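Subject: Structure for you to look through

Dear colleague,

I am passing on a structure that I would like you to read alongside the notes below. Please keep it open while you go through them, and take your time over each part.

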Amino acid sequence: MEEVSELEQLHGEVRVCQLCILSQSRRNAVPGEGPEKVDILFVGEGPGFHEDQQGRPFVGPAGQFLNQLLEGIGIKREQVYITNVVKCRPPGNRDPLPEEIAACHPYLVRQISLLKPKLIVTLGRYSTEQFFPGVQISKIRGRPKKMGGIIYYPMFHPAAGLHQPRWRKVIEEDFARIPQLLKEAEKLGEDNEPPSDKAEQLSLL
Ligand code: URA
Ligand code: SF4
């Protein structure tokens, strides 16, 4: 019998999941994709039309922009893991509901513990809310924060940049800092200072 990794096992569970009502209208669940261990994890909001059709994250217009952004900083899409807060498409691309987000949350928690990323980039309001509850994204976007050994880096959603040149520029600038942040993450990982001090240092970066 072939070995199934824990990540593949999780992908399988998501594909047949019926824990919330989104399972009834989806065509395909979209667990996420990427290597088994990564430095960077991207977390979007939820699958859109194209993602639902293909069962893959960020393959529509926002995904093309994400690919360009990655290319711009010399990172290959195959090197990172990409997923969403909810793994099934909300009908008509409506916002995900609190109960849907809550039902899906354990998958994200398991993905983080399996993938062991150094950097988690939260794309958009819903993703950012998972890690910075009650904080407005416009107040913290572009400000990395280290918590529990992981740097969380909130950003606007790439879809926001598609039709808004002003936001596109902000997203590109925030993206441009990723390589340096990753280096910082490695450096901070080696020293022995308490986590609170590290968080302080990072917010000053
Ligand atoms: N927008 C998202 O938030 N996620 C996707 O996978 C695609 C578009
Ligand atoms: Fe399950 Fe998440 Fe899909 Fe809801 S959105 S059915 S919790 S995988």
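The largest cavity has 14 lining residues, and those nearest its centre are Cys-17, Cys-20, Cys-88, Cys-104 and Tyr-107. Please bear in mind throughout that this is a predicted model, and that the values below were computed from it.

The volume of this largest cavity comes to about 90 Å³, and the count of cavities of 30 Å³ or more is one. Which helix gives the most to the lining of the largest cavity? That is helix 4, which spans residues 98-115 and provides four residues of the lining. Sorted by class, the lining of the largest cavity consists of ten nonpolar residues, one polar residue and three charged residues.

What takes up this space? The largest cavity is the space taken by ligand 2. Around ligand 2 you will find Cys-17, Leu-19, Cys-20, Leu-22, Ser-23 and Arg-26, and also Lys-87, Cys-88, Ala-103, Cys-104 and Tyr-107. When the shell around ligand 2 is divided by class, eight of its residues are nonpolar, one is polar and two are charged.

The other site to look at is the largest pocket, which holds about 530 Å³ of space. Its lining is made up of 27 residues, and Glu-45, Gly-46, Ala-62, His-157 and Ala-159 are the ones that lie nearest the centre of the pocket. Two or more lining residues come from each of helix 2 (49-54), helix 3 (61-72), helix 5 (125-131) and helix 7 (158-162). By class, the lining of the largest pocket has twelve nonpolar residues, ten polar residues and five charged residues.

Which ligand sits in the largest pocket? It is ligand 1 that sits there, and the residues around ligand 1 are Gly-44, Glu-45, Gly-46, Glu-51, Pro-57, Phe-58, Asn-84 and His-157. In this shell around ligand 1, two residues are nonpolar, four are polar and two are charged.

A polar side-chain atom of Asn-84 lies 2.7 Å from a nitrogen atom of ligand 1, while a polar side-chain atom of His-157 lies 2.7 Å from an oxygen atom of ligand 1. Phe-58 takes part through its backbone, where an N or O atom lies 3.0 Å from an oxygen atom of ligand 1. On its own, ligand 1 has 240 Å² of accessible area, and the protein covers 91% of that area.

With best wishes,
A colleague

Note on methods:
Residues numbered from 1 in each chain as written. Chains lettered and ligands numbered in written order. Predicted model: local features only at pLDDT ≥ 70, side-chain atom pairs only at ≥ 80, totals over all residues. Heavy atoms only, no water. Near = heavy atom within 4 Å. 1 Å grid on protein atoms, 1.4 Å probe; cavity = no way out; pocket = protein on both sides within 12 Å on 5 of 7 lines; lining within 4 Å. Sits in = over half its atoms within 2 Å of the grid points. Nonpolar A, V, L, I, M, F, W, Y, C, P; charged D, E, K, R; others polar. Points joined across faces, edges and corners; volume = space filled by probe spheres on them. Polar contact = N/O pair within 3.5 Å; in protein donor to acceptor, adjacent residues only side chain to side chain. Areas by Shrake-Rupley, 256 points an atom, 1.4 Å probe, with all protein chains shown as cover.
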